Structures are given as structure tokens and as C-alpha cells.
Protein chains: 2
Amino acid sequence: MLASHPNPKTREALVSDLARDHGDSMLMLVLDGLGGYRSPDRDSELALARTQNLNQLATTSALGLHDPVGWTITVGSGVGHLALFGYDPLVYHVGRGALIAAGIGFELRPGDVAARVNLCTLAPDGTIVDRRASRIPTTETAEVCRVLNEHGQLENAEFFLIPELDYRALLVLRGEGLEGEVTDTDPQRVGVQPLPARARTPGSGRTVELITELLDRARGLLADRAQGNFLLLRGFDTYRELPGFPERYKLRAAALASYPTYLGVARLLGFPTWQVAGPAEAVEALPSLLRDGMDFIFVHVKTTDAAGEDGDLEGKIAAIEHIDALVPSILDSGVQVVAITGDHSTPTQVATHTWHPVPVLLHGGSAPADGLGRFDEAHCRKGSLGRFPAQELMQQMLAAAGRLATYNA
Amino acid sequence: MLASHPNPKTREALVSDLARDHGDSMLMLVLDGLGGYRSPDRDSELALARTQNLNQLATTSALGLHDPVGWTITVGSGVGHLALFGYDPLVYHVGRGALIAAGIGFELRPGDVAARVNLCTLAPDGTIVDRRASRIPTTETAEVCRVLNEHGQLENAEFFLIPELDYRALLVLRGEGLEGEVTDTDPQRVGVQPLPARARTPGSGRTVELITELLDRARGLLADRAQGNFLLLRGFDTYRELPGFPERYKLRAAALASYPTYLGVARLLGFPTWQVAGPAEAVEALPSLLRDGMDFIFVHVKTTDAAGEDGDLEGKIAAIEHIDALVPSILDSGVQVVAITGDHSTPTQVATHTWHPVPVLLHGGSAPADGLGRFDEAHCRKGSLGRFPAQELMQQMLAAAGRLATYNA
């Protein structure tokens, strides 16, 4: 009789089993929305930028392209970062609300329902004039939150509206038996009315009732405001805990970012986080973090994506060139394995997140020297890393850093 | 209403269903640890070797790269060979002990727990001085095994210590209700004490007790020895039978190797095996094996890996050039489809097994002629086979050999 061979091991479990607590130190430098593409009229931002240092680094690095989540899928930044950290977003469901809560330090409890809020401006006929309320500043958003928190009480449930950055805020509903399978009220365009929230599961009906009640109150309480007289809600989810990143990969990890959402992703995964003014400050901090024994440092750069979303070709090029100027300081910091990539593509031709694969450069440790001499999408396509799912970048970094033990039967 | 479509057929089952018992004869020539990579300072061994015959063969062959088990995973040789033979190591759990037992012809019984043994040398303070006991010869290892087998009896269980090659041996525990989920006692470095064995499952507690008892005895019995005064154990597993290779692919198969472990893998899969002095003797045997009706011949070459592990660049190049010189005889043998590859990479820059993808050359049958003119990693990256999991090499060989029937629904 043949003994059975039950329970095939997953690749994810294998990588965690093989991870060891020593090896090279690592930096993951994520330029948000880095990827672009060559359209009939012009080349990508990365190809057009003057990036002498990145190109020189590319000569002694392995290049490739990754697909956030998978081939042809466009992702939001939260999902893109989960994938970069090796958490398959199809397995680990994390709502945008949970990411923002973590980012601003609001402590969610299991069972809370959280959603992302944009303050918007409605016309007298109830149609949306501006989905971002003329980008009103954080102080004004905080005032709106205060008014609603004070005067908007719900029956048999609590809610919290917490300002984030500019016109953005977080909504948290807390009560018995709330589910988070609720559709967005943000129609993602102007000239139409906000959508009604709808339950995707029978158990989410109570959540929809509370939201509808809250939005009715908000319409009255904010009616006198010229800008920011209503709320658009999206990304509802119930909060679920995630397995910790430091334990999973046996790393001492640190996250540096200027923008709260990315610190939030890292906090959800159990990183200590530091808010920095920008990439230069993050790079300056590298030597002391390494001296303190950190072996995985995540640095997030927002400017590339912001320019991409604005369709600002010169701005995105300038953001890339600013990073290029920091490359010598990165190499001098003593960090041993460096990955430079994005969480998704934001080509200025399209001025939004897209599905295009994202360039990645891997330097140091046992990473091959592809000798390609330029860091852009076309050269990354020829690189030895090939094209791979973003969820596999962590294991590629660990392999190059000598942090994955040999798999012996 | 649409009827449901449950239970998708696995690719593995499809290949086995389609395999037919006629077609071209095949040779899989495995140069252990063949793969390398270009580092910033120099190119890979395969790129540096003078391989006139392999390069000429590459012109009329299909090239590619394979990943043993998967992207970024470093494998031991047992795991690497299982993958080459089409057995996904994440599905088929085979311990190193089972591989060695098969290699030295010790007949395991289902339920036996087997582990790999290295004789090591401990300092008086109990720390490891040499993980390989100065590579003492097989005769001395046999003497240590004899002493322990005679004087080391356990209560209510049997054990067998069998010498393998040099400082290596096999430990088999036989008794009621033993499970093999036990951690290695080999810490994989010197200057520290051997690790205590620990049970990964409650059912493995009894195994740990027996091992602890045995190691206590060994410490006393071997105390007077200058070299090889203790045992390091790793790769514990319970023996499970594997589905047979000849049945699965409808082949008459033969394995030729000089090193017992590789004959062991083949025996576990139901191949007849021949121990040879080296690759030249194996190549000489090809015509008669083909005349005897063999249609799949596996030849294993150890010298490439041995030089790789020693960090011996010239030695690994020489081992590759030695194989290059045998290529004309291989082609003259009359074998119709030839795959030349490795089971993993062992770059001399790193002097150990690594994760780097492994070059593969496929010649004959319906394999394309890529015309690339050189067999090395860089050219394999451009080849028509692309980059694929090692587990799929067998089906690629069968396809080229016309041994996979058409899949008609």
C-alpha cells in the first residue's frame, strides 16, 4: 500500500519555514506609482528621466518587472504594498479603512467596520460638483469631523470620524453584529448624485441602515458649507488582524514614509514606523537604523505617484531625478541588498493607476549583475528577474540576502 | 442552469494520462550544481568554460532556465532531483534519510523514521570544531557505526546506523508509533553546541526521547576519539512510498551515477540503477542500454557541484569542460532526445547551493533549434523554453520525444 502524501505545502509556508534570522541587511525603496509605459507619442517617465546613478547601479544589478497582485490587475496603494510585503491580497482581505486607521493611529477593534471618507462638494440639486471639496485643508476637515461626531449620534451604535490628510477622513462604526460588505457611495465621477450604500450580504443590512442614518444627518449639519458639504464613502471592511511581518520573515523591520497610509500598512504588519518629511530624510536615517540592528527597511516615496495622478510629466520626471540624486547616499549607508521599485504604475499619459508591470532593480547579495546599464521599463523587460507577481519580491530579496535556508527533503 | 465543473484535473494527472509507451529515446544528463551567475566581478563558470561541443549543440537545441521547486528557493540535491523527475517536492514529502537509505540499499519499512548523520568533532567544552570530522574515510565511519550498533541498544525500539560515504551515515529508528516531525540537531555552523532534537508534532515526542537517549550513549561511547566523536542529525522523516516513475510515464528507465544518493532517488522511483566510476563510463554504457530497450536514461555527474561547493572556479570549469569532451560520444550513442541541465545552482562565488535558475539545453525530437550558439545562463535566458519550474522538465522532454498523446476532450 502506498502511504499517502497529504497536504501539499504552500509556497508561502515554505518561504516562512526557510527564512532565517541572519543574512544581509535589506532596503526596499518604493517609489509610489513608479511604472509607466511607452505610448505612440512618447516614452515612459523613467526612460525620459536623467538618472545617471540609477543607470550605473543597473549595470551591477538584476532587473525585472513585477505585476502587483497579477497580470493586468490595477491596484490601489494599500493592496500594492501588501503584495510587495508578500501578503497575497487575494488571501488577506484588508480594507482601505483599516489601512487608514492604522496610518493615523486609530486603534481598530476586531469587528469594527471602517471606511475611507472624502469630503465632497454637492450642488443645490444634490449632484457632486467636486469629489475632493477643492482639496480643503486638514484643519477644515477636522472641523467637519468635530461637528458630526458631536451632533450625529446613532441609535445602538457608536461612530468615529477622524480627519486624515487634506479632504480625507476615516469613518469607523462600532456596535454589535456589524458586517462590512457594503458598496461604495462614491460614484467616482462628478455631475451625478452620491450612490446609496447597499448591502452585499444579508448580515451587512444593519451597517447600511446606520450609514444611511449618518449620511442623512450629515446632509443637514453640513448644508451651510460652501465646500465640503457632504461625505463620499468607500472601501468598507471589517477589521481582521494580519500575521506579523517580522515574525514571518524573522526580520527586524522599520518603515519610513511621509504619508500616513503607508505607515498604516506597515503598522498593520507589525513594523515600527517613523514619519519623515521626505525621501532625503529617510535616506539620512539609514546608517543609524542599520547600527540599531534593523535588517529590513522600507522607505516610501509619494511624489512620483502624485505627479503621475496629475498627469504631470515634468513633475514625475523631477521626482525620479530627485531619487536618483540620493542613490550614492543609499549605497554609502552600508545597506547590503537594495530593491528599488513601485507599488503599481501611474503613467502620466493616463493620469491614474494602471495595470502596467512595474520596474524593479535588485542590487547586492547574490543578485546577478545583468549589465543592462539603464533602469527603465524596456531594460527591465530584458532583466534576469523576468516578470513575476509582486507577492514574490520579498522572497527574491530574502534569497539575494542569503536569508532563505536550503530546502532539503 | 449551468451544471458545476468540480475537481479540475491536475496537470500532473493529465501528463500521466497522455504518456504513451513509444517514441524517441531520452537522456537526462544532470551536472549537479551546474548553474551559476554573473556577479559584478565576473561571469558564471559555464560562460567562462571553453565548451566548443556544447556551444555547437546549442545551435540546434532549445535553451531555457528552470527553477528547482520554484522561484528563489534553494534546494538540496534530493529535492532538486525529485523535481527534475517531475515529482513536486511540495506534494511528495521525501526525507533525506529515505533518499540515503535507498542509495545505500537499506530497505526501509513504512513507518520507519530515518535521518541523515554527519560524524562531527566536538571540543572538550562540547562545541562543534568540525561539522564533517575532518572528512574521515568510510572505513572509520563504519567502525563508529559498528560500536554504536553493538553497544547503544534502546528500550522498546530498534535502531540502525549504516555508513554511507566518508563521514556520512544513515540513522533508522524502527518501533511502534514513531513520527518523524523532529528538528535537526545540526546547527549548520561551528563554535556552538549541537542543538537538542525537538518534536514539531505531539506524536513525535517518542522519537525525540529515543534520539536523546541514543545521543547520550554516543557521547560516552565515542568520547576517546580524536575525530568523529559525535553525531549531527538532520532531515528526519517517516518513510512514505512514491508512485513509480516507469509506470507514471510508461518508460523503461535506467539511472547511472557514481554517488549513492542519486542512485537512491532513482531507486525510490523504481528505476534500475548502475553505479559508475564517472561520466565517461556512463556515456560508454549508453549504446548497450539503448540496445536493451531503455527509453529513459538518467546520468548524474557530481564533480560540478563538488567544485562549486569548494568555491573552486578552475575546478568547476574543468568539470564542465570534461563533460563537453563527451558530447560527441553522447550524440554517437544513438540516443534521440538529450536534456543537459543541473539540479540546482552552486556558483563558486557563493560556494554553496543557491536559488539562481538553472540552464537547460534540450536537443532532438521536436525540440526547436534556437540557434543561440552558446550554452550559458545568459543565452538560456533568451531561449525558447523560457523559464519554468523544474517539475515541468520531464513533460518537456516527453513532448519533444513524441511521447505525449494528443489531448482530445
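Let's start with two residues in chain A: Arg174(A) and Asp112(A) are both buried, where buried means under 20% relative accessible area, exposed means over 50%, and partly exposed is in between, with a 1.4 Å probe and protein chains only. Their side chains meet in a salt bridge, 2.7 Å from N to O. By salt bridge I mean a side-chain nitrogen of Lys or Arg within 4 Å of a carboxyl oxygen of Asp or Glu. Arg174(A) is in strand E6 (residues 168-174) of chain A, and Asp112(A) is in the loop between helix H5 (96-104) and strand E3 (113-122) of that chain, so the pair ties together parts that are 62 residues apart in sequence. Helices (H or I, at least four residues) and strands (E, at least two) are DSSP runs, numbered from the N terminus.

Before I go on, a word on the model: it is predicted, so local features need pLDDT of at least 70 and side-chain atom pairs count only at pLDDT 80 or more, while totals for chains, interfaces and linings use all residues. Residues are numbered from 1 along each chain as its sequence is written, chains are lettered from A and ligands numbered from 1 in the order in which they are written, and side-chain values use heavy atoms, with hydrogens and water left out.

Back to the salt bridges. How many are there over all chains? A search of the whole structure finds 37. Another one joins Arg403(A) and Asp295(A), with the closest N and O atoms 3.2 Å apart. This pair links distant parts of the chain, 108 residues apart: Arg403(A) is in the segment after helix H14 (393-400) of chain A, and Asp295(A) is in the loop between helix H10 (279-291) and strand E10 (296-301) of chain A. Both Arg403(A) and Asp295(A) are buried.

Now look at Glu150(A) and Arg146(A), which form a salt bridge with their closest N and O atoms 2.9 Å apart. They lie four residues apart in helix H6 (residues 138-151) of chain A, about one turn of the helix. Buried or partly exposed? Glu150(A) is partly exposed, with a relative accessible area of 43%, and Arg146(A) is partly exposed too, at 38%. There is also a network of salt bridges, which links Arg131(A), Asp186(A) and Arg234(A).

On to the rings. The whole structure has 23 aromatic pairs over all chains. Rings of Phe, Tyr and Trp (its six-membered ring) pair if their centres lie within 6.5 Å; planes under 30 degrees apart count as stacked, over 60 as edge-to-face and the rest as tilted. In chain B, Phe245(B) and Tyr249(B) make an edge-to-face pair, 5.0 Å centre to centre with 70° between the planes. Both are buried, and they are four residues apart in helix H8 (residues 245-249) of chain B, so about one helical turn separates them. Over in chain A, ring pairs join Phe85(A), Phe245(A), Tyr249(A), Phe271(A), Phe296(A) and Phe298(A) into a cluster.

Charges can sit over rings as well, which here means NZ of Lys or CZ of Arg within 6 Å of the ring centre and within 35 degrees of the ring normal. In chain B, the charged end of Arg248(B) is over the ring of Tyr87(B), 4.4 Å from its centre. Lys302(B) lies over the face of Tyr259(B), 4.8 Å from the ring centre.
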